[in-house]
Amino acid sequence: PAPAAAGAGYTAPRSNAGSAMSLQIRRATLADVDALSAIAIATYNETWGDSYPAQELQDFLQAHYSSEPQRAELSDPRSAIWLLVDGNNVVGYLAAGANTLPHAEAREGDIELKRFYILAAHQNGGHGARLMDAFMAWLDQPQRRTLWVGVWEENFGAQRFYARYGCSKVGEYDFIVGDTHDREFILRRP
C-alpha cells in the first residue's frame, strides 16, 4: 500500500509553542535523509502510535519511513519535501510526489500530498498553513496541477484544513498497517 494517506492527516493544533516567524521552512535535500526519517517516525508515532499493534507499527515505520525509503523519495525528481525547523531541530515536514492514490480520474503529472506532520509541541502557531502555502506555490508552478490527498475518515480537522485549499472528497480506499485496514477519504483539488 502507499504509505501516504494516513500521513497526510495533518494533526489538529494542540499548543502554541513558537511564533510563526521563529520556525523556518526549507526544502529538504539528500543531506537531510536521517533528519527526515527521524521526524517522520517521531510524528507518526506521536499521532498514530496507539492505533496499531506495536510490532506491526514498527514494521510499517521501518518499511516506509526509515532512511532508505526517505532517500529514494528525496532522489525522485517528482517529489518535494519541506522541513519545519526550530534552530537545528526538524519539528515538522510536508512530503509530496507523484500521485499513488487509487482513483479512476488520476492522471500522470498529478501530485499527491503524501505526508504532513508537525510535532504537537509546535502546532497551533500558523506553521501548518505556512508549510501548505510553500507547497501550494510549488504545486502550481509553472502551471496549476491536480492535487490528491488521502485522509483518515475520522480526521475531521484535516478534512476542514484541506477544504480551505479547495480539496473535496472524491473517493475512499483502505490504508493498511499490518492487519489493520483504516478507511481513508481521497480528496482532490482539480
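Reader: Is Tyr65 buried or exposed, and what is its relative accessible area?
Author: Tyr65 is buried, a class that means under 20% relative accessible area, with exposed set at over 50% and partly exposed in between (1.4 Å probe, protein chains only). The model is predicted, so local features need pLDDT of at least 70 and side-chain atom pairs pLDDT 80 or more, whereas totals for chains, interfaces and linings use all residues. Residues are numbered from 1 along each chain as its sequence is written, and side-chain values use heavy atoms, leaving out hydrogens and water. The relative accessible area of Tyr65 is 0%.

Reader: How many aromatic pairs does the structure hold, and at what angle do the planes of Tyr44 and Phe60 lie?
Author: There are 13 aromatic pairs, counted when the ring centres of Phe, Tyr or Trp (its six-membered ring) lie within 6.5 Å, with planes under 30 degrees apart stacked, over 60 edge-to-face and the rest tilted. For Tyr44 and Phe60 the centres are 5.4 Å apart, and the pair is tilted because the planes lie at 35°.

Reader: Which helices hold Tyr44 and Phe60, and what angle do the planes of Phe60 and Tyr65 make?
Author: Tyr44 lies in helix H1 (residues 33-48) and Phe60 in helix H2 (residues 54-65), so their pair ties together parts 16 residues apart in sequence; helices (H or I, at least four residues) and strands (E, at least two) are DSSP runs numbered from the N terminus. Both Tyr44 and Phe60 are buried. The rings of Phe60 and Tyr65, with centres 5.6 Å apart, are edge-to-face because their planes lie at 85°.

Reader: How far apart are the end C-alpha atoms of H4?
Author: The buried residues of H4 include Leu131, Phe135 and Trp138. At 1.5 Å a residue, the 13 residues of helix H4 (residues 127-139) should span 18 Å, the expected span being 1.5 Å times one less than the number of residues. The end C-alpha atoms agree with this, as they are apart by 18 Å.
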